[in-house]
Amino acid sequence: MTSADNEVAPLRVVIIDDTEDLRELLRLALLRGGMSVVGEAGDGRAGIETVAECLPDIILLDLSMPVMDGLQALPHLRALVPEARIIVLSGFGASQMAERALTIGADGYLQKGASLGRILDQIRDVVDGRPVAPVVAPHVEVDPGLVESTLTRIPGQRSAAADGSDALALAPFAMIEVGCDPPYRVARMNPAARGLVDTEVPAGTPLAECAAEIAASLATNRLRGDTEFESGVGGKAVHVTLRHSDTSLFLYLRTITDEVGMLRSAIATTAHEIRGPVAVLCAVAETIDEAEPGDLDEEQRDRLMASVLRQARMLDSLTADLLTVAQIQRGILRIDARAIPTASVVAGVIQDRYPDTVSVVVTDERRVHADPIRLEQMIGNLLSNAHKYGRPPVVLRIRPSEEHDTLVSIDVEDNGPGVPDDFRTQLFREFSRASGTTAAGTGLGLHVVHTLSRAHGGSVAYAPGSNGGAVFTLTLPAAAG
């Protein structure tokens with residue numbers, strides 16, 4: 001028997017995560033750790049197909065992804081490869097979601113923010129059956145007006161009088177208990193909550209039927225564990241404190257009467273969006289710093305530097321939108337419009353951010369009268385929206401406007417599911433995100449496009465695509481001459 005016969009085959013890994021740059025870094029770390037990455041996917045549905053084809057020993061599975069999130073994909077993956085180790089990898093750091101993932105089939109739960117070396121060690125621990133250190137849930141500041149005994153009880157423990165005769169019935173805040181999974185069926189409401197929704201809600205009613213905006217907000221926030229966010233119900237803005245138990249989600253609502261709620265929402269959503277790029281940047285730095293001579297070839301280093309550039313641009317886009325919204329609210333938004341070659345600006349944005357996923361069709365060569373920086377921002381936001389909420393291929397068309405011959409239209413069309421009918425009136429509002437989506441986002445991108453287009457004397461509109469996707473049309477004045 002040769003020494004080769006005694007060699008143990010490397011563990012085969014599939015990575016399912018919607019951030020391509022993070023997949024690249026995990027692949028390098030796993031290869032350095034003696035494992036073999038046999039497949040990758042960017043969403044849960046594609047991940048199921050990849051796992052069915054590759055039959056790996058280990059699956060690294062992100063929780064928050066478009067099309068199908070990790071919690072939805074997990075049972076399917078477990079059925080496909082019952083002997084594989086499925087390790088949930090998420091940036092939310094919520095012990096409640098860890099428990100839920102473990103309940104439905106995961107073998108371990110790791111946090112994206114950890115160093116690559118620590119992630120690799122924890123993967124080995126899970127594979128070897130050693131316990132992984134528990135994830136620490138983030139601290140949530142709770143308003144003093146909330147009933148302490150209700151908020152701090154053990155997850156899954158019901159109050160002494162769950163029929164509504166307990167302190168919740170007399171509490172000055174509204175409370176809604178719903179099921180953990182869509183469609184978030186209502187288990188109970190206290191009187192204050194019934195007053196907000198202005199109707200009697202039978203047990204078992206989907207939350208969207210009595211509080212559609214809260215249901216939409218919940219869909220985008222439930223994977224964050226215990227958290228807080230802003231939403232609305234009955235035409236009123238509300239601050240929501242979300243708590244998880246083993247079997248339910250508890251929503252504690254307070255109405256918002258000033259701009260503090262808007263500030264809270266901006267901070268919470270932006271902090272969450274920033275964590276992803278920051279985690280990738282830290283991992284790139286760690287990979288380069290710990291690499292031995294010869295570990296990284298020139299092509300790998302080039303890919304790492306490209307990752308740094310992409311993530312830095314994502315951070316720049318986030319901060320640009322925040323600054324724009326602040327300027328809008330303060331009334332100091334400035335537009336420095338001039339004659340701009342439309343096609344060259346579009347080409348620059350695509351080359352920088354989406355060189356392989358966007359095709360361009362130009363039937364109008366005219367320049368537009370626009371601020372070049374703001375034009376890049378609007379195009380970038382529309383393309384980002386198409387990639388987050390739609391599916392490739394994405395087509396950008398520059399064409400004469402059908403409204404007037406002095407206008408130029410720029411269409412961005414994706415091949416996704418389109419915008420739900422009941423959400424179309426909210427598309428361009430601040431912090432708006434459609435119900436049921438698991439894609440990340442601040443809810444500012446389209447609002448910024450809407451406001452900037454109007455400041456230029458133009459507009460932005462949505463229409464369903466001929467293929468069922470979404471078409472967003474930015475219309476701007478053509479430059480004179």
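Author: Happy to! One thing to keep in mind as you look is that this is a predicted model. Here is the setting. The protein has 481 residues, of which 50% count as buried. Its secondary structure comes to 16 helices and 17 strands. Among contacts with a separation of 6 or more, 64% are between residues 24 or more positions apart.

Now for our close look. Find the open sheet built from five strands, which are arranged in the order 2-1-3-4-5 with parallel pairing. Which strands stand at the edges of this sheet? They are strand 2 (36-41) and strand 5 (108-111); each has a single partner strand, so one side of each is left without a neighbour in the sheet. On average, neighbouring strands in this sheet are turned by 20° against each other, ignoring direction. As background, strands of a sheet pair through backbone hydrogen bonds, in either a parallel or an antiparallel way.

To find one of them, look for Ser-90, whose bridge partner in strand 5 is Gln-111. A helix belongs in this picture too: helix 2 (residues 20-32) lies across strand 1 (12-16), strand 2, strand 3 (58-62) and strand 4. Against strand 2, helix 2 runs at about 165°.

Next, look at the charged side chains. In general, side chains of opposite charge can pair when their charged atoms come close. The count for this protein comes to 16 salt bridges.

The side chains of Arg-124 and Asp-121 meet with an N to O distance of 3.3 Å. Both belong to helix 6 (residues 116-127), and because they are three residues apart there, about one helical turn separates them. Arg-124 is partly exposed at 31% relative accessible area, and Asp-121 is partly exposed at 42%.

The pair of Glu-177 and Arg-188 forms a salt bridge at 2.8 Å, N to O. Glu-177 sits in strand 6 (residues 174-179) and Arg-188 in strand 7 (residues 186-189), so this pair ties together parts that are eleven residues apart in sequence. Here both partners are buried: Glu-177 has a relative accessible area of 1%, and Arg-188 has 12%.

Salt bridges can also be linked to one another. In this protein, Arg-23, Glu-24, Arg-27, Glu-40, Glu-299 and Arg-303 form a network of them.

A disulfide is, in general, a covalent bond between the sulfur atoms of two cysteines. How many disulfides are counted here? The count is zero. Cys-54 is buried, at 14% relative accessible area, and Cys-210 is buried too, at 15%.

Strand 8 (residues 227-233) and strand 9 (residues 236-244) run antiparallel and are joined by seven bridges. In one of the pairings, Thr-227 has Leu-242 in strand 9 as its bridge partner. The two strands form a hairpin with two residues between them, and Gly-234 in the turn has a positive phi of about 60°. Strand 9 is also joined to strand 10 (residues 248-255) by seven bridges, again antiparallel. There, Val-238 is partnered by Thr-255 in strand 10. The hairpin from strand 9 to strand 10 goes through three residues. Strand 9 is mostly covered, with seven of its nine residues buried.

Note on methods. Residues are numbered from 1 along each chain as its sequence is written. This is a predicted model: local features need pLDDT of at least 70, side-chain atom pairs count only at pLDDT 80 or more; totals for chains, interfaces and linings use all residues. Side-chain values use heavy atoms; hydrogens and water are left out. Two strands pair if DSSP finds at least two bridges between them. Helices (H or I, at least four residues) and strands (E, at least two) are DSSP runs, numbered from the N terminus. Axes are lines fitted to C-alpha atoms, for helices over the stretch in contact, and angles run from 0 to 180 degrees between N-to-C directions. Contact means heavy atoms within 4.5 Å. A salt bridge is a side-chain nitrogen of Lys or Arg within 4 Å of a carboxyl oxygen of Asp or Glu. Buried means under 20% relative accessible area, exposed over 50%, partly exposed in between (1.4 Å probe, protein chains only). A disulfide is a pair of cysteine sulfur atoms within 2.5 Å.
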